[in-house]
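Open your viewer and keep the selection tool at hand. We will go stop by stop, and each stop says what to select and what is there.

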Amino acid sequence: MFDLVEPLWNRFGASLVVADSPVTGSDVSTRVRLEPPEGYVRMLLRAELFSALAVPIGMGLILQTSFTDAPARATPLASEVHAAVSFAEDVMPILEQHCTECHGPETVELGLNLSTYEGLMAGSDYGTVVERGNAAASLIIDMISSGDMPQDKDPMPAEQLEVLRNWINEGAENN
Ligand code: HEC
């Protein structure tokens, strides 16, 4: 029995190797030598099992952490952050393409002049058409998404309407 366990003892470390040495002859050391092996083997098997499992479990935790962390960081960057919309660069060209023919310097339907920032923010004879920071409450968005404007023409492409929405939601700045 002890011979079988011997190689395992060696792996246990210095303190038990001392107990194993023939120099020690006391009752205590004998008891240490004869009694522990059963429990020790079980303990060692548990230790072996633990270390055998520790590596895959540890790897799994590392992989899980890196896999769950990566998308959590990437998602907001990809979907939520977009460049600020510029009135001059992005909004004005859309209004010129679809609206200023009837809401421009020459023909100003309903008093609504969409050829300048001031005209757009001043609104029509009935009042404002842009609510700063709130595209959903802005008449101009309502009229375009319902298809009422541009009047009697092809509807505005969804991407362009989205640009107007974003610009209003970002505060409708003269930027
Ligand atoms: C072909 C001419 C024409 C074009 C192009 C046109 N509109 Fe109009 N728009 C009108 C007329 C006419 C009215 C007033 C009668 C009405 O409300 O139907 C009007 C009314 C509006 C109103 C209502 C204002 C109020 O206070 O009731 C808004 C807002 C508006 N237009 C926005 C736009 C926008 C934005 C575009 C471009 C996407 C556009 N329009 C293109 C002719 C046009």
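pLDDT is the predictor's confidence in each residue, from 0 to 100. Two residues are in contact if their C-beta atoms, placed from the backbone, lie within 7 Å. Now select residues 28–33, where the pLDDT is below 50 as well. That stretch has five contacts in the model beyond near neighbours in sequence.

This is a predicted model: local features need pLDDT of at least 70, side-chain atom pairs count only at pLDDT 80 or more, and totals for chains, interfaces and linings use all residues. Residues are numbered from 1 along each chain as its sequence is written.

**The whole chain**

Zoom out. The chain averages a pLDDT of 75, and 53% of the residues score at least 70. Colour by secondary structure: there are eight helices and zero strands. Helices (H or I, at least four residues) and strands (E, at least two) are DSSP runs, numbered from the N terminus. Of the 175 residues, 13% count as buried. A residue is buried if 20 or more other C-beta atoms lie within 10 Å of its own, exposed if 12 or fewer, and partly exposed in between; C-beta atoms are placed from the backbone.

**Helix H5**

Select residues 87–98. This is H5, with 12 residues. From its first C-alpha to its last, H5 reaches 15 Å, close to the 16 Å expected at 1.5 Å a residue. The expected span is 1.5 Å times one less than the number of residues.

Which residues of H5 are buried? Pick Val 91, Leu 95 and His 98. They lie on the same side of H5, because they cover an arc of only 85° around the axis. The arc is that of the directions from the helix axis to the C-beta atoms. Turn to the face away from the buried side: the exposed residues Ala 88, Glu 89 and Pro 93 are there. Next, show residues 158–169. This is helix H8, part of what covers the buried residues of H5.

**The loop between H7 and H8**

Stay with Pro 150, which lies in the loop between H7 and H8. A cis peptide bond joins Met 149 and Pro 150, with omega about -5°. Most residues other than glycine have a negative phi, and most peptide bonds are trans.

Move to Asp 152 in that loop. Its phi is positive, about 55°, although it is not a glycine. Is Asp 152 buried or exposed? Asp 152 counts as exposed, because it has 6 C-beta neighbours inside 10 Å.

**Last stops**

Select Ala 172, in the segment after H8. Phi of Ala 172 is positive too, near 50°. Ala 172 counts as buried, with 22 C-beta neighbours inside 10 Å.

Finish with Asn 134, in the loop between helix H6 (117–122) and H7.
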